[in-house]
Amino acid sequence: MIRKNKKGIIEIQFNWIFVLIAGFIIFLFIISIINSQKKQSDQTLNIDIMSLITTEIKNKQQIFNSYNEIHTTSVYDLQFSCDKDTKQAGIYIKGTEGNIELPTEVLFTTTKLSTNNIIIWTSDFSTPFTVTRFMFITSPGTAFLIYNDSANQYAKQIYYDLPANITKIYVNSFAPDISSSSILKQTKAFKNYHIICFDDDCPANKYNYLRITPSPDNGLYSYGDLAYHRAGVPTDALSKYVTKSSLFGAIFSDSRDFYECEVARAYDQMNLKGSLHLTRMKLLTDNPDIDPDCVTYFAGPQAILSDMKSLSIKDVSTLYADTNELSMDNRNLEDKGCPQIY
Amino acid sequence: MNYLWTIEISRTRDAHRYIDEKNEISHMMKLTKRSQIQLGESITIIIIVIILLVVGIAFWSKFNQADIKQSIAESQDRYVIQLAKTASELPELRCYSAQDVPKVNCFDWYKLLALNQTMHDPLTKKEAFDYYNGYFENSRITFEQLYPEDINITVYDNNISAQRSQMIVIPVVFEKSLGRRGFMTFGWIMVEGYTR
């Protein structure tokens, strides 16, 4: 009887151990399935978000002078990059794998943007033929403080030309130290702010700001110098802008390197598209059906288009002059009943 | 007599022992049988659980695969639509009015010829292809004039020995402006997106 009881006890214990082991294995298996599913769904969601954002950015490039907002369910940390050596731009979203390249899109933004509401504004970069569509990316948490200039003209122009939905503050009374003014209270409501000022009407050295010095003879949206000032650091080399869209590119960028890298990419596109227009003009010149008078009018624009190929970011005054001349030639050709340049 | 009685007792004891041993053996056999049955039950349960798991995983992976296939097909559709949109909006190919306003669904024929020449000229081919590859990736973009005569211009082709391609056709007009002697022709843009 004792032997039988012993056997019974061992049998029952074995059953329990078996159940425990089997249960544990099944439990582990289920947990691993849940974990892998969660990981997979998180990854899918991140990829979806990344593809949504990049697709939206790419799509917005097709729309001329548009204002758009991309809303996401949660806050995402976006990082924009532009390598000045390879001229490769890309976007990276924290939490996702890899960097999505933006080979043709030229965008100006702060290199790091943490938001659930991405604002995209587009504007054509034309010299005078449309080169590309610049995209300006920001968030509602970023404010643009525009310091009034002593000439009382440029700040207002920029203030009114920025889209209404972008957070902009017009600083009318000149205060070099914003900590002593009510502006500081306003800026505290924002994650970050860009200070835009003109010539010598800029805040104290302890603030980051962008100083714009437009060409005195041709107005704000012609060409000029830019200085990205960093708090407590002597202002580094000056950068340049030409045309309105390039100036807004500088305003939306937070560093000289990023701005110049994107502008260099735009110049590459300008060279390629200038070459296309030049080739087209040569094809038209060789066409036997074209009016011989038109061929003589083509000589000037062809020379300008050839000249534009060698321009760099520093040659803003030449590019501005060439742009105006080409635009005038285009109108003249239209008036004379000839095919246009672009 | 006493001797006989002793023998009888001894026989009875032997018989009892024999019966006890027989009982023990039969009980042991019963126990072994029960254990065998229990072991069989346990193995059956394990096999059933494994079969259920395998069937479950097979079903789940099949549905998952179907989901993945569907999402790939959807993303390919979106990709081709995006390509078509990009191709139809390229500013360097469109026609413009005197006020620099783009004309709807209108392409300048000489701009197309210029692009075609640039894309096939050994000197400019690489730079142009690299740039348009950023827009069109693995696709073929063909502008076809249908009237008054059939002329094809394939401005971009990056065939990657594709297994399948999806195509979108957009009707357009081509402006052949030679100044006052300009005229319009009809045709379409064929956008083919290649997928492996």
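**Helix crossing and salt bridges**

Modeller: The axes of helix 5 of chain A and helix 2 (residues 109–120) of chain B come within 8 Å and cross at roughly 110°. Axes are lines fitted to C-alpha atoms, for helices over the stretch in contact, with angles running from 0 to 180 degrees between N-to-C directions. Helices (H or I, at least four residues) and strands (E, at least two) are DSSP runs, numbered from the N terminus. This is a predicted model, in which local features need pLDDT of at least 70, side-chain atom pairs count only at pLDDT 80 or more, and totals for chains, interfaces and linings use all residues. Residues are numbered from 1 along each chain as its sequence is written, chains are lettered from A and ligands numbered from 1 in the order in which they are written, and side-chain values use heavy atoms, with hydrogens and water left out.

Colleague: Which residues meet where helix 5 of chain A and helix 2 of chain B are in contact?

Modeller: Contact means heavy atoms within 4.5 Å. Helix 5 of chain A contributes residues including A:Leu276, A:Arg280 and A:Leu284, and helix 2 of chain B contributes residues including B:Tyr110, B:Lys111 and B:Leu113. The residues of this contact divide into seven nonpolar, four polar and two charged. Here Ala, Val, Leu, Ile, Met, Phe, Trp, Tyr, Cys and Pro count as nonpolar, Asp, Glu, Lys and Arg as charged, and the others, Gly among them, as polar.

Colleague: What does the salt bridge between B:Glu92 and A:Lys273 join?

Modeller: The closest N and O atoms of B:Glu92 and A:Lys273 are 3.5 Å apart. B:Glu92 lies in the loop between helix 1 (2–89) and strand 1 (94–96) of chain B, and A:Lys273 in helix 5 of chain A, so the pair joins two chains.

Colleague: Is B:Glu92 buried or exposed?

Modeller: Buried means under 20% relative accessible area, exposed over 50%, partly exposed in between (1.4 Å probe, protein chains only). B:Glu92 is buried at 3%, and A:Lys273 is buried at 1%.

Colleague: Where do A:Arg256 and A:Glu260 lie?

Modeller: Both belong to helix 5 (residues 256–286) of chain A, four residues apart, or about one helical turn.

Notes:
A salt bridge is a side-chain nitrogen of Lys or Arg within 4 Å of a carboxyl oxygen of Asp or Glu.
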